[in-house]
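Trainee: I would like a close look at one part of this structure, starting with its helices. Please continue from there to the ligand site, in one connected account.

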Amino acid sequence: MVEWYEEAYHPDWRQRFQVEGYVYRGRTQFQEALVFESPLFGRVLVLDGIVQTTERDEFIYHEMITHVALMAHGAVRDVLIIGGGDGGTLEEVLKHRSVARATMVELDPGVIELARAHLPGINRGAFEDPRTELIFGDGVKFVADTAQQFDVIIVDSTDPFGPGEVLFTQAFYADCRATLRAGGIIVAQSGNVFAERERLQACLARLGKVFRDTSFILTSVPAYLGGPFVFAWGSDDPAKRRLSPAQLAARPLPEGLRCYTPAVHAAAFVHPPWLTAAPA
Ligand code: SAM
């Protein structure tokens, strides 16, 4: 008999993955964790019942959450990642030679242990890179307390329920802004914009109370309900978001990317009207 895993992310919308076998089932100090094998997606990481990443489509999510900001900035030395326990974002950040330090603040050491053991194809040794600084703790507390400064902050969090909820508040965004150097950029995992448009717009409005220029980076991540997916973008320098493909192509670009190109970058800021329209 075929076995299915049903993700209960949205109250009126369910998706199911065929399960070929379970790799890990247990509980970390903070959340329920599951890794299973799917014929279409490869290994799938689930935390508290929500799909976090999969081996086969992670490149879309991790390239787009990372390279749009790093390429737009153009001279990134210090990057802060909040969350990101699977290590996929860290791996992408480290592909930029200009990056001297990638600080990752993850609440749950159990997720990193799991990812090291069962998802090596996603993090590819990134945790062992000498430029990586791993800190275990709450990202909100870290940005409120740190005296360090960063060029880019990537919030690669779980969704706004449970431990990730605090990473979607205006107070958190204000602390992030204070932690960014001039010309800095923040990018934050947001969600499936068809299913959650009003929540995501409200989240962007909070970011807009703190940063002069905000927008969505639009892409499509198959494992996240299969539809249009956005990251929130915030910066005080509107010019950073208006670079042309030609300007971006003149900058050093990591090799071997499968989703990000300068043209895809520019297109990610072009949105169909329904996406940004006020709720009816
Ligand atoms: N791609 C992802 C998704 O689908 O939402 C996110 C992946 S990553 C596994 C999310 C990580 O954020 C988890 O490992 C979780 O422990 C971490 N996290 C949640 N709340 C956090 C907080 N307040 N501070 C730091 N890390 C947090």
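Mentor: Gly110, Val111, Ile112, Leu114, Ala115 and His118 are the buried residues of helix α3, which covers residues 109-118. Buried means under 20% relative accessible area, exposed over 50%, and partly exposed in between (1.4 Å probe, protein chains only). Helices (H or I, at least four residues) and strands (E, at least two) are DSSP runs numbered from the N terminus. The model is predicted, so local features need pLDDT of at least 70 and side-chain atom pairs pLDDT 80 or more, while totals for chains, interfaces and linings use all residues. Residues are numbered from 1 along each chain as its sequence is written, and side-chain values use heavy atoms, without hydrogens or water.

The cover over the buried residues of α3 includes strands β3, β4, β5, β8 and β9, together with helix α4; contact here means heavy atoms within 4.5 Å. At the start of α3, the backbone nitrogen of Gly110 has a side-chain oxygen of Asp108 within 2.9 Å. Such a polar contact is a pair of N or O atoms within 3.5 Å; within protein, one must be able to donate a hydrogen and the other to accept it, and residues adjacent in sequence count only if both atoms are side-chain atoms.

In helix α7, the buried residues are Arg197, Leu200, Gln201, Cys203, Leu204 and Leu207. They lie on the same side of α7, because they cover an arc of only 160° around the axis; the arc is taken from the directions from the helix axis to the C-beta atoms. Their cover includes α6, β11, β12, β13 and α10.

Leu225 has a positive phi of about 60° although it is not a glycine, and at 8% relative accessibility it counts as buried. Arg124, in the loop between α4 and β9, has a positive phi near 45°, yet Arg124 is exposed, with a relative accessible area of 55%. Most residues other than glycine have a negative phi.

The ligand is surrounded by 26 residues, the closest being Gln31, Glu106, Asp138, Gly139 and Ser157; a residue is near if one of its heavy atoms lies within 4 Å. A side-chain N or O atom of Glu106 is 2.5 Å from a ligand oxygen, and a backbone N or O atom of Ser157 is 2.9 Å from a ligand oxygen. A nitrogen of the ligand is 3.0 Å from a side-chain N or O atom of Tyr224. Taken alone, the ligand exposes 600 Å², of which the protein buries 99%; these areas come from the Shrake-Rupley method with a 1.4 Å probe, and for residues only the protein chains shown count as cover.
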